[in-house]
Amino acid sequence: MVNGQVKVTTTDNMVKLKKQLAELAKKEVLVGIPEEDKERADYGIEDAGSKSRKSGNINNAELLYAHTHGIRRKVMRKEMQENIDSGMKYSEAHSLYIQTHGSPLFAVPPRPVIEPAIEYHKDIIAAQLVKITQAALSGNSSTVEAEMNKAGMLAVNAAQSWFENPANNWPPNSPKTIKLKGSNLPLVESNQLRKSITYVVRDKS
């Protein structure tokens, strides 16, 4: 206290702490299929319940998106597209179709992977995120990087194991697909899609 006034001084430790947290905020861990790993050597029954086709028509990233959201039947896509072309938003066109015809019919039902897998393992992943923050507060940048890589690996393992985790509650293969594959396990025939899921640690753009 000087002349009856309280003087507040920002300590070096506080400045250092803010800097460390600011550096951590610049980093992110992304889980999915990188651009360089998206191509498939081939694809077959696991992709859409059909016979094997030539490479080049679809890549791993597109395949994962299709199975996350499902593939709607042609008649549904056509009717919705007509409404979208007339200026209606996608969500409104989708709602209109459901109101008119009931629940949407899928040629391939949704079988999401990454988000539900991470949600299912959120306690383990959250514990690892705490370690990242602790490392950042210690001021050890190499430890932060190492802990972020561990978090990415945990998320990848969660996603890859999700394909055969009964908790995924995926719809079973259709009888036609089971006959072609000889199996009722969706998306595990060649394992290309599962193996293509990985992670990257990078600075936010």
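1. Contacts of A117. Leaving aside its neighbours within four places in sequence, A117 is in contact with A158, A159 and W162. In this predicted model, A117 belongs to helix α6. The residue has a relative accessible area of 0% and is therefore buried, since the limit for that word is under 20%. A117 and A158 are 41 residues apart along the chain, yet their C-alpha atoms are separated by 5.6 Å.

2. Overall composition. The chain contains 10 helices and 4 strands. Read from the N terminus, the order of these elements is α-β-α-α-β-α-α-β-α-α-α-α-α-β. The chain has 205 residues, and 34% of them count as buried. Its accessible surface comes to about 13200 Å², and carbon and sulfur atoms hold 54% of that area.

3. Contacts across the sequence. How much of the contact total with a separation of 6 or more comes from residues 24 or more positions apart? The share is 67%. Two individual pairs may be set beside this figure: A117 with A158, 41 residues apart in sequence, and A136 with Q20, 116 residues apart.

4. The largest nonpolar core. This core has 14 residues, and those with the most contacts inside it are L64, V113, F163, W170, L193 and I197. Helices α3 (60-69), α6 (114-120) and α8 (141-162) each supply at least two of its residues. The largest share, 3 residues, comes from α8. Apart from this core lies another, of 10 residues, among them L24, I132, M148 and A151. As general background, nonpolar side chains tend to be buried together in soluble globular proteins.

5. The pairing of α7 and α8. How do these two helices run relative to each other, parallel or antiparallel? The axes of α7 (residues 122-138) and α8 come within 8 Å and cross at roughly 170°. Because angles over 145 degrees count as roughly antiparallel, α7 is roughly antiparallel to α8. On the side of α7, the contact is made by I124, I125, Q128, L129, K131, I132, A135 and A136. On the side of α8, the residues are T143, V144, E147, M148, K150, A151, L154 and A155. Together, the residues of this contact divide into 11 nonpolar, 2 polar and 3 charged.

6. A136 in helix α7. A136 lies in helix α7, and at 4% relative accessibility it counts as buried. When neighbours within four places in sequence are set aside, A136 is in contact with Q20, L24 and V144. Of these partners, V144 is listed on the α8 side of the helix contact, while L24 is named among the residues of the 10-residue core. The C-alpha atoms of A136 and Q20 are 5.8 Å apart in space.

7. R111, a buried residue in a loop. R111 is found in the loop between β3 (106-108) and α6. Is R111 buried or exposed? With a relative accessibility of 5%, R111 counts as buried. Not counting residues up to four places away in sequence, R111 touches H67, T68, W170, P171, P172, N173, P186 and L187. One of these partners, W170, is named among the residues with the most contacts inside the largest nonpolar core. Another, P172, is 61 residues away from R111 in sequence, with a C-alpha to C-alpha distance of 9.8 Å.

8. Two asparagines in one loop. N165 is found in the loop between α8 and α9 (175-181), and N169 also lies in the loop between α8 and α9. N165 is buried, with a relative accessible area of 14%, whereas N169 counts as exposed at 66%. Beyond its neighbours within four places in sequence, N165 is in contact with Y120 and H121.

9. The backbone at N169. The phi angle of N169 is positive, about 55°, although the residue is not a glycine. For comparison, most residues other than glycine have a negative phi.

Key:
Residues are numbered from 1 along each chain as its sequence is written. This is a predicted model: local features need pLDDT of at least 70, side-chain atom pairs count only at pLDDT 80 or more; totals for chains, interfaces and linings use all residues. Side-chain values use heavy atoms; hydrogens and water are left out. A nonpolar core is a set of buried Ala, Val, Leu, Ile, Met, Phe, Trp, Tyr and Cys residues joined through side-chain atoms within 4.5 Å. Buried means under 20% relative accessible area, exposed over 50%, partly exposed in between (1.4 Å probe, protein chains only). Contact means heavy atoms within 4.5 Å. Accessible areas come from the Shrake-Rupley method with a 1.4 Å probe; for residues, only the protein chains shown count as cover. Axes are lines fitted to C-alpha atoms, for helices over the stretch in contact, and angles run from 0 to 180 degrees between N-to-C directions. Angles under 35 degrees count as roughly parallel, over 145 as roughly antiparallel, 65 to 115 as roughly perpendicular and the rest as oblique. Ala, Val, Leu, Ile, Met, Phe, Trp, Tyr, Cys and Pro count as nonpolar, Asp, Glu, Lys and Arg as charged, and the others, Gly among them, as polar.
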